[in-house]
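I opened my notebook to get to know a new structure. Come and look along with me.

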Amino acid sequence: STNSSPPQSHEISPSSSLSSSRSKKQTSQYNTQDTNNNRLSYYCDKEIISLSQLNCSLLIGGYSGDLQHHVVIGGKNYLRLLINVNTIKTFADTIATGLSNGVVSIYKISPNGQSKVTGKYSDHNRTINSLDFIESENQLLSGSQDGTIKLWDLRSSSTKPVMTVQANLHSDPIRACQYSPHSAVRNKICVLSVHDSGALCKFDL
């Protein structure tokens, strides 16, 4: 069944406390419901660069039940900083964002829809183009314009990567990197990457 109420938007920001009047204003700016074909349309006043889906139950005022599926939007100045959210990856109640300044920011979403920054990780020196979680919210891969893939332990107090890998024959920018559960090597993490040159690489970490 389709809920007749329009969807609400919650901007991810370093400060999770927003006044109720401001939230209502943002909701009216960003969202509307297209009655044709029962489609939902989102209108944002910022340029959208990346989208992801958050499969985590939230309890938000105005709805009669738990909300299970949400769209997470990233783009220019979505963190109220002069940088871009270039890519987004979600796992349960965790959101990872890759920024244009090479920083990975991690957010936790509470059941009421509020966000909290739980970590910032910096070792890339160019834009992050791709992120992927490895089977849980504790390990994250990042691929960057600097040609490297980094493995992060999000449980660690260190803000530096556990491992950095780069292709032996080239160092061109990474467009996408992804964890694969089908490693041919026992007890190894298999990572696939696609590069600007069109090369497809496989790493066993």
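My entries below go from confidence to cores to a surface patch.

**Ground rules.** This is a predicted model, in which local features need pLDDT of at least 70 and side-chain atom pairs count only at pLDDT 80 or more, while totals for chains, interfaces and linings use all residues. Residues are numbered from 1 along each chain as its sequence is written, and side-chain values use heavy atoms, with hydrogens and water left out.

**Confidence.** I looked up pLDDT (the predictor's confidence in each residue, from 0 to 100). The chain has a mean of 75, with 62% of its residues at 70 or more. Over residues 1-35 the value stays under 50. Where pLDDT is low, the predicted coordinates should not be read in detail.

**Cores.** I then searched for nonpolar cores, meaning buried Ala, Val, Leu, Ile, Met, Phe, Trp, Tyr and Cys residues joined through side-chain atoms within 4.5 Å; buried is under 20% relative accessible area (1.4 Å probe, protein chains only). The largest core has 14 residues, and Val191 and Phe203 are among those that touch the most other members. Strands (DSSP runs of E, at least two residues, numbered from the N terminus) β11, β13 and β15 each supply at least two of its residues. The largest share, three residues, comes from β13. Apart from this core lies another of 10 residues, including Tyr121 and Ile128.

**Surface.** Which residues form a nonpolar patch on the surface? I found Leu192, Val194 and Leu200, with about 260 Å² of accessible area together. Val194 sits in strand β14 (residues 190-195).

Conventions. Buried means under 20% relative accessible area, exposed over 50%, partly exposed in between (1.4 Å probe, protein chains only). Helices (H or I, at least four residues) and strands (E, at least two) are DSSP runs, numbered from the N terminus. Contact means heavy atoms within 4.5 Å. Patches are made of residues with over 30% relative accessible area and no salt bridge: like charges are joined within 9 Å, nonpolar side chains (Val, Leu, Ile, Met, Phe, Trp, Tyr) within 5 Å. Accessible areas come from the Shrake-Rupley method with a 1.4 Å probe; for residues, only the protein chains shown count as cover. A salt bridge is a side-chain nitrogen of Lys or Arg within 4 Å of a carboxyl oxygen of Asp or Glu.
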